[in-house]
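This briefing concerns a predicted model. It is arranged by topic, and the points below are to be read alongside the sequence and coordinates.

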Amino acid sequence: MDKVLIRQLKIETVIGIYEWEKQIHQNLEIDLDMAWDNRPAAATDDYQHALCYETVSNRLIALITEKPIELIETVAEMIAKCLMDEFDVRWVKVVVMKPGAVPSATAVGVEIERGHF
Ligand SMILES: Nc1nc2c(c(=O)[nH]1)N=C([C@H](O)[C@@H](O)CO)CN2
C-alpha cells in the first residue's frame, strides 16, 4: 500500500482540560500515514494526481487552531475525519503527541487508525 507521510507537524493551539491550559498556547506534534496510490502521480509527474502534503498540513493547522479543544483524542478524530471527508483519503493513521504534558515524560500521545485499504 502506498502512503503519503507527514512527520512532526507542529501545531500551536489551545489544548487541555484544565483552566490554566485554556489561557495558554501549547504545541502538539502530529504524525500522519495516509493511504494514497502514488503511481498515477509518479507515472505522469503531475501534481494533480498527488496528495499534497503542504495543502494537508495547512488545512490541519487551520482546523485545529479554530477553537479551543480539551482532549488530544478529539484532535486525532478531527484530523482523521477531515482527511477522509475533504481529501478522499481511504485509510489514515494519526498520532498526536503532546510534548511536556507530563514533566517526567518526553511526550504523551494517542494513536488512531480510521478507514480501510
Ligand atoms: N487521554 C488523555 N489524558 C489526558 C489528556 C488528554 O487529552 N487525553 N489531557 C490532560 C491534560 O490536558 C494534560 O495534558 C495537562 O498536563 C490530562 N490527561
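Asp 45 is exposed, with 8 other C-beta atoms within 10 Å, a count that falls under the cut-off of 12 or fewer for exposed residues. In this predicted model, Asp 45 also has a positive phi of about 50 degrees, although it is not a glycine.

- Most residues other than glycine have a negative phi.
- Asp 45 is found in the loop that lies between helix H1 (39–44) and H2.
- Gln 8 is not a glycine either, yet its phi is positive, at about 55 degrees.
- Gln 8 belongs to strand E1, which comprises residues 3–13.
- Gln 8 counts as exposed because it has 9 C-beta neighbours inside 10 Å.
- Asp 88, which follows H3, has a positive phi near 60 degrees.

**Helix H3: length and faces**
- Helix H3 comprises 15 residues (residues 72–86) and, at 1.5 Å a residue, should span 21 Å; the end C-alpha atoms are 21 Å apart, so the two values agree.
- The buried residues of H3 are Ile 72, Val 75, Ala 76, Ile 79, Ala 80 and Leu 83.

**Packing of helix H3**
- Two kinds of element receive the buried residues of H3: these residues pack against helix H2 (53–64) and against strands E2 (26–35), E3 (91–99) and E4 (107–115).

**Ligand surroundings**
- The residues around the ligand include Gly 16, Ile 17, Tyr 18 and Glu 21.
- Leu 71, Ile 72, Glu 73, Lys 98 and Ala 101 are also among the residues around the ligand.
- By class, the shell consists of 5 nonpolar, 1 polar and 3 charged residues.

**Annotated domain**
- An unreviewed UniProt entry lists residues 4–114 as "domain: Dihydroneopterin aldolase/epimerase".
- Residues 4–114 are 30% helix and 33% strand, and the end C-alpha atoms of this span lie 15 Å apart.

How values were computed:
Residues numbered from 1 in each chain as written. Predicted model: local features only at pLDDT ≥ 70, side-chain atom pairs only at ≥ 80, totals over all residues. UniProt positions renumbered as here; feature names shortened; annotations may be inferred. Helix = DSSP H or I, 4+ residues; strand = E, 2+ residues; numbered from the N terminus. Near = placed C-beta within 6 Å. Nonpolar A, V, L, I, M, F, W, Y, C, P; charged D, E, K, R; others polar. Expected span 1.5 Å × (residues − 1). Buried ≥ 20, exposed ≤ 12 C-beta atoms within 10 Å, placed from the backbone. Contact = placed C-beta atoms within 7 Å.
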